[in-house]
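User: I would like to learn how to read aromatic pairs and chain interfaces in a structure. Please take me through an example.

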2 protein chains.
Amino acid sequence: VGEFDLIERIRARVTGSSSVPVGIGDDAAIITPTPGQALAVTTDSIVLDRHFTAAWSTADVGHLALAVNLSDLAAMGAKPRWALLALTLPEGDVAWLDGFLDGFLGLADEFGVSLVGGNISAGSLNIGVQLLGEVDPAIVAHRQGARAGDVLAVTGTLGDAAAALKLGQRAGPGLQSRLRRPQARVAAGIALAAEVDAMIDISDGLLADLAHLLGSGLGARVSLGQLPASDSLVEAIGYTEQRWPLQLGGGNDYELLVALAPDRLDSATASCRSLGLALTPIGEFNDSGIIECVRPDNTLMEIDHDGWDHFKT
Amino acid sequence: VGEFDLIERIRARVTGSSSVPVGIGDDAAIITPTPGQALAVTTDSIVLDRHFTAAWSTADVGHLALAVNLSDLAAMGAKPRWALLALTLPEGDVAWLDGFLDGFLGLADEFGVSLVGGNISAGSLNIGVQLLGEVDPAIVAHRQGARAGDVLAVTGTLGDAAAALKLGQRAGPGLQSRLRRPQARVAAGIALAAEVDAMIDISDGLLADLAHLLGSGLGARVSLGQLPASDSLVEAIGYTEQRWPLQLGGGNDYELLVALAPDRLDSATASCRSLGLALTPIGEFNDSGIIECVRPDNTLMEIDHDGWDHFKT
């Protein structure tokens, strides 16, 4: 079907919002920001065979496209509110679009996000999402701000998505769903933003994203024995020496990684616990200028995986 | 080079703004909207061999990617302020990126737009831009709002870009530059928003975009003899019967098409003239429910081109 039929199909499934005086179907959307709040804006694209494969359900693709953007806003402590969708599609495929919207709009509804506009072009499949959110300017969290002596802590568990990629068909549903249906830590991000010195979401891998928290001269020591692992991961990969590289280098966890003063750890942990989410201290920041990974027996583990870069392999 | 080198290369060329407390390099950008203004948000992607060809300079591609988005905000009467750039690139090509930024950032500077963030992925070339602007909620222009009896008017001239596409290598520099370096009518959009009943930018072709201004039962009569043509177009295509189809059906003009009450035409025209831009009345709205194109001798012209649809040819 045609471009305008597809747009109409999207519009028919989107409900209005009082904060969106002009939504889908005009040259631009008009939205009304909340007075006193700053805007948080992000964009992330997902690409076939990079972020997902043809074996995925289109609903999973729709979920992922929004989830990676939700996670970026979570890392700022922002509440997601409005989304734009830039679809480049090989053909006007209604079944593809409907499935995609099941995943995308299902997740949008869950987080109170309004789809306000977008664009459809013909070409190689490319899914771009722009997400806008709001954040109290007094609590917005940055990547920079960690200090020597800060605790390094992470929400949830690490390594499930990497294990799902590594094991392929042999991965169980628990691991698969972490890869295909990642849960952005939005509520935890808002709660943690008031407590932490710095925050980032783990999309490229723990070590790669930890490196973004290190300013000039700052280093960190990661205690491998403390890396939180899900039951599914422990069951699938029993040996810690095989599990740690997945937890350190594998991307797509979409957990939040924070630096916080030791005396904030208890209240931050309690905030997360009230949301049903663990916050686990996994190391500390120091003045070493490097990242070290330490086994429970105090020996250092050599790391040769430095995370995902789209133009390096 | 790697993804993070490319991002650093972009960041090095972007200057800060007091409205952007957190710019490129964090999980999301933080921007400070102006109290009392509504936000206008749009996204448009451009794709190789659809919107540009491999023969174009990368600076032209960068200019076009932003210009099409500027035009969308112009059509709402909004002032563009902040942009995000979602690049999907086949490889980490520094020369390509530098040329692209020459065009993109050159145009951004011209309009006071800050590049605040974005995303780089590997894959088939795809350039997505999200543009945010601000608009006085009292004057925001919509596609809906035209009334029978309103004048139909257009800024600038029509058909140059279509002629450049049709003539290919034989098109002169005047026509080529309208195709590759379109000028979004931002200042005119802001001025016209206070005068018009409805407004749209012409991206898909005059008739296709005019159709978007027609609510239930509304029609329009276009006077072919009044369609404004540039000297370059008249020189390249002398016969009006050959020129009109290009002016009616060719896209990429990025002029503004407006519906306004007859008694607002003089002040709207004066506003545009003060910006060095013509505003030409080219027809009127009526209750016919259809669009008619009328020659100077009062005969109707049959139209078989209904504008650009990405999934129809």
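User: Are Phe100(B) and Phe104(B) buried or exposed?

Analyst: In this predicted model, Phe100(B) and Phe104(B) are both buried. They are four residues apart in helix 3 (residues 94-110) of chain B, so about one helical turn separates them.

User: How is a pair of aromatic rings described?

Analyst: One gives the distance of the centres and the angle of the planes. Over all chains, a search of the whole structure finds six aromatic pairs. One of them joins Phe100(A) and Phe104(A), with 5.7 Å from centre to centre and 20° between the planes, a stacked pair. For Phe100(B) and Phe104(B), the ring centres are 5.7 Å apart and the planes lie at 20°; stacked means under 30 degrees, so this pair is stacked. In chain A, Trp96(A), Phe100(A) and Phe104(A) form one aromatic cluster.

User: What area is buried between chain B and chain A?

Analyst: Interface size is often given as the accessible area lost when the parts come together. Between chain B and chain A about 4800 Å² is buried, with carbon and sulfur atoms giving 59% of that area. The contact involves 64 residues of chain B and 64 residues of chain A.

User: How many salt bridges does the rule find across the interface of chain B and chain A?

Analyst: The rule finds four salt bridges there. One of them links Asp27(B) to Arg143(A), whose closest N and O atoms are 3.0 Å apart. On the side of chain B that touches chain A, strand 2 of chain B gives the largest share, nine residues. By class, that side has 32 nonpolar, 19 polar and 13 charged residues.

Terms used: Residues numbered from 1 in each chain as written. Chains lettered and ligands numbered in written order. Predicted model: local features only at pLDDT ≥ 70, side-chain atom pairs only at ≥ 80, totals over all residues. Heavy atoms only, no water. Phe/Tyr/Trp six-rings, centres within 6.5 Å; stacked < 30°, edge-to-face > 60°. Helix = DSSP H or I, 4+ residues; strand = E, 2+ residues; numbered from the N terminus. Buried < 20%, exposed > 50% of the residue type's maximum accessible area, 1.4 Å probe, protein only. Contact = heavy atoms within 4.5 Å. Buried area = accessible area lost by both parts, 1.4 Å probe. Salt bridge = Lys/Arg side-chain N within 4 Å of Asp/Glu carboxyl O. Nonpolar A, V, L, I, M, F, W, Y, C, P; charged D, E, K, R; others polar.
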